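Open the model in your viewer and keep the selection panel at hand.

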Amino acid sequence: MRVSDLDKGDVIKLENKIFEVIEIKHLHLGRGSANLTLTLKNLQTGQRIEKVFKPDEKVDYLDIERRKIVFEKDDQNFYYFKNKESLSKLDKKLFIYLKNYLKNGLEVVGYFDENDNLITVELPKIIELKVIETPPDFKGGTVQSNYKTALLETGLEIKVPFFIKEGDIIRINTETGEYVERVQK
């Protein structure tokens, strides 16, 4: 497929990696030919890159079906996701960042290729996790004050406000890995 035929949300294979097209910018400078700058998200690492193409360059377009699936379990080598019909798996070595956010029962969007193989998953933008361990707060700790480290149920360590206690449920932004807010009981 030609780069000029791509749309936002399309999935392509580039340098043996799978990317989703996040943004397309058309740039035409003076007498030279036009260029397209694609903002691409690596679907295995979550990393974003920008790459410049000529409009008539060819890329490998992947026909992807997106379906809701649920994280079921993991073992030493794989993450397992369940949909109505079957259990699909992803290699833990390729999707290291997922370990910080996956908990049993978490609903995600699965990306499946034309052979019904799970390629990757898209996490919800905001998830809720339980605080397992954090130092106690101290007198004078307010929302505007400094932050402390908290260990969450998935093993993720993040900075949280001083008023957060062990046992609290907090919301996390999965794109930035940052604290959003405490869930009110």
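Start at the second largest pocket, which holds about 160 Å³ of space. Select Lys13, Asn16, Ile18, Gln44, Leu62, Leu94, Phe95, Asp113, Glu114 and Ile119 to show its lining. A pocket here is an open set of points on a 1 Å grid over the protein atoms alone, where a 1.4 Å probe fits, with protein on both sides within 12 Å along at least five of seven lines; lining residues have an atom within 4 Å of a point. The volume is the space filled by probe spheres set on the points. By class, this lining has 5 nonpolar, 2 polar and 3 charged residues.

This is a predicted model: local features need pLDDT of at least 70 and side-chain atom pairs 80 or more, while totals for chains, interfaces and linings use all residues. Numbering runs from 1 along each chain as its sequence is written, and side-chain values use heavy atoms, without hydrogens or water.

Next, go to the largest pocket, at about 380 Å³. Its lining has 19 residues; select Lys41, Gly46, Leu123, Thr174 and Glu175, which lie nearest the centre.

Now the rings. Select Phe71, Tyr79 and Phe81: they form one aromatic cluster. Phe71 and Tyr79 pair edge-to-face, 6.3 Å centre to centre with 65° between the planes (pairs need centres within 6.5 Å; edge-to-face means planes over 60 degrees apart).

Last, select Arg67 and Phe112: the charged end of Arg67 sits over the Phe112 ring, 3.9 Å from its centre. Lys89 does likewise over Phe78, at 4.2 Å (NZ of Lys or CZ of Arg within 6 Å of the ring centre and within 35 degrees of the ring normal).

Technical notes:
Nonpolar A, V, L, I, M, F, W, Y, C, P; charged D, E, K, R; others polar. Phe/Tyr/Trp six-rings, centres within 6.5 Å; stacked < 30°, edge-to-face > 60°.
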